[in-house]
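Colleague: I am new to reading protein models. Could you take me through one, feature by feature?

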Amino acid sequence: AGGAPAAAAASDEPSLSLQQFGFRPSIFTRKGGRLVLNGRRLLFQPELAAASRLDACECAARALRLALALDEAEPLSSPRLVAFLDAASSLKAVRLDGLDEEQKLAFFLNVYHTMIQHAYSLLGPPSSLLKAISFFNTIAYQVGGDVFTLAELEHNVLRAPSCRPKSFFSKWVLPKSSYSFALTTADYRLNFALSCGSASGLATVPVYQPTLLGAQLDAVASAFLARTVAVSCRSGGGGGGGGDAAVALTLPKLFQWYARDFGSGKHAMEGAAVAMEFLRGPERELLRSRLAQEQKPDLEIRYAPFSFACSRLIELEVGRESSGRRISGGGPGG
C-alpha cells in the first residue's frame, strides 16, 4: 500500500516481518516439512465446537478480505492484523463435508489467495524458479482438520480433477498427496482464477462467493486474457488491417502447461478458441476470422514466458451479474 512504509517508520512500531514476528511457536508450526502459518490461536474443545458451526465459505471470505486490507508494513499491534490472524486460525476447525462443488471451489480459491497474501506479508514473494518451488511446497495452512501446502492446495485439491502441467520437472516437484475434500469436477477457468501475483497474470483477485461464482470466474477470465493475450497481423501477410493477412497470437504460458484443460491437448488451436471466447473488440473478430477458415488457419501461436516476479494481491471488485456458464471438464464445449 502506498505510504504504508512511511507510516510505519513514523510510529517506531515493529511491523509484520519474519525477524520481528516469524518464529514464534504460536505463529509457525512445522508438520512434515510444512510451515503452517495459521497457528496464532490454539482452538480448544469449546472453541472447536463453535468454529465448526461457522459457515466455511464465510470464514474463508472474511479471512481473505482481512488479508487484502493489510498494509505492506502492518504494525504488530494493529487490530486489523490481529483480526486477520484470528480469522486465519478459525479455518482450522471449519467443516467441509457438507460443501457442494461450487462452494468448495469458492472456499478453496479464497483460502489459496489468503495463504499467498499471508506468506508474502511475512516472507515476501519468491524471486526465482528454485525459490518458488521451495516456497509453494513449504508454506501451509491447517484447514478443516487437515494440513496442506500451497502446492498441495493447488494441484491436489483445486486442480485434482484437471490435468498435470506439461513440464519436464513437474513429476519431481509436484506433491502427490490426496484429500477427501478435493474437487471432482474440472473447470478450465481455474487456470485464470488462481493468482500468485505474478507479472505474467493478474495481481487482483475477487473474494469469491458461491452464489456469484460463475460471474466472478468469467470476469476474472476476461480480465486475465485481456492482459495476457496479444493478437496482431504479422508483417508480410497477405493484406493490411486483417483481410487475408497472417495473424500472430501470443498466449500466456499456462495454455501450454495445461493444454489438456482446454481440449485434447494435441492442438494449440483449442487454446486459441478458449481465448477468443473471452476477448473483445477487433482482437476477437480477427481471431475468429482465422479460426473459421476451413483449411489450416493462417495463425501463428506463440507462448509468452512466465515471470516469477510476484507482488502482493489487491482486491478486484466484480459485478453481481449472473452467468450462464457452468462448471465443466475440458474446453468450452466440454
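Predicted model: local features only at pLDDT ≥ 70, side-chain atom pairs only at ≥ 80, totals over all residues.

Colleague: Let's step back. How many helices and strands are there in the protein?

Modeller: There are 14 helices and nine strands. The protein has 334 residues, and 49% of them count as buried. Look at the contacts too. Take those between residues at least 6 apart in sequence: 73% of them join residues at least 24 apart.

Colleague: Can you show me one such pair, step by step? Where is Val82 placed?

Modeller: Val82 belongs to helix 5, residues 79-90. With a relative accessibility of 27%, Val82 is partly exposed. Now compare sequence and space. Arg40 is 42 residues from Val82 along the sequence, yet their C-alpha atoms are 9.1 Å apart. Leaving out residues up to four places away in sequence, Val82 touches Arg40 and Leu76.

Colleague: Which side chain does the Arg34 side chain meet in a polar contact?

Modeller: That of Glu152, at 2.8 Å. Follow Glu152 and you reach helix 8, where Glu152 is one of the buried residues.

Colleague: How many residues of helix 8 are buried?

Modeller: Nine of its nine, across residues 150-158. Among them are Leu150, His155 and Leu158.

Colleague: What covers the buried residues of helix 8?

Modeller: The cover includes strand 2, strand 3 (139-143) and strand 4 (146-149). It also includes helix 6 (101-123), helix 7 (129-136) and helix 10 (190-193).

Colleague: Let me try another helix. Which residues of helix 14 are buried?

Modeller: Leu286, Leu287 and Arg290, in a helix that spans residues 281-291. Look down the helix axis. These buried residues fall within an arc of 95°, so they line one face of helix 14.

Colleague: How should I read the strands as a sheet?

Modeller: Start with the general idea. Strands of a sheet pair through backbone hydrogen bonds, and they do so either parallel or antiparallel. Here three strands form an open sheet in the order 6-7-8, with mixed pairing. Strand 6 and strand 8 are the edges, since each pairs on one side only. From one strand to the next, the twist averages 20°.

Colleague: How many bridges join strand 7 to strand 8?

Modeller: Five, and these two strands run parallel. For a landmark, find Ala248: it stands opposite Glu300 in strand 8.

Colleague: Where does helix 13 lie?

Modeller: Helix 13 lies across strand 7 and strand 8. Its direction is at about 85° to strand 8.

Key:
Residues numbered from 1 in each chain as written. Heavy atoms only, no water. Polar contact = N/O pair within 3.5 Å; in protein donor to acceptor, adjacent residues only side chain to side chain. Buried < 20%, exposed > 50% of the residue type's maximum accessible area, 1.4 Å probe, protein only. Helix = DSSP H or I, 4+ residues; strand = E, 2+ residues; numbered from the N terminus. Arc of directions from axis to C-beta. Pairing = 2+ DSSP bridges. Axes fitted to C-alpha atoms, helices over the stretch in contact; angles between N-to-C directions. Contact = heavy atoms within 4.5 Å.
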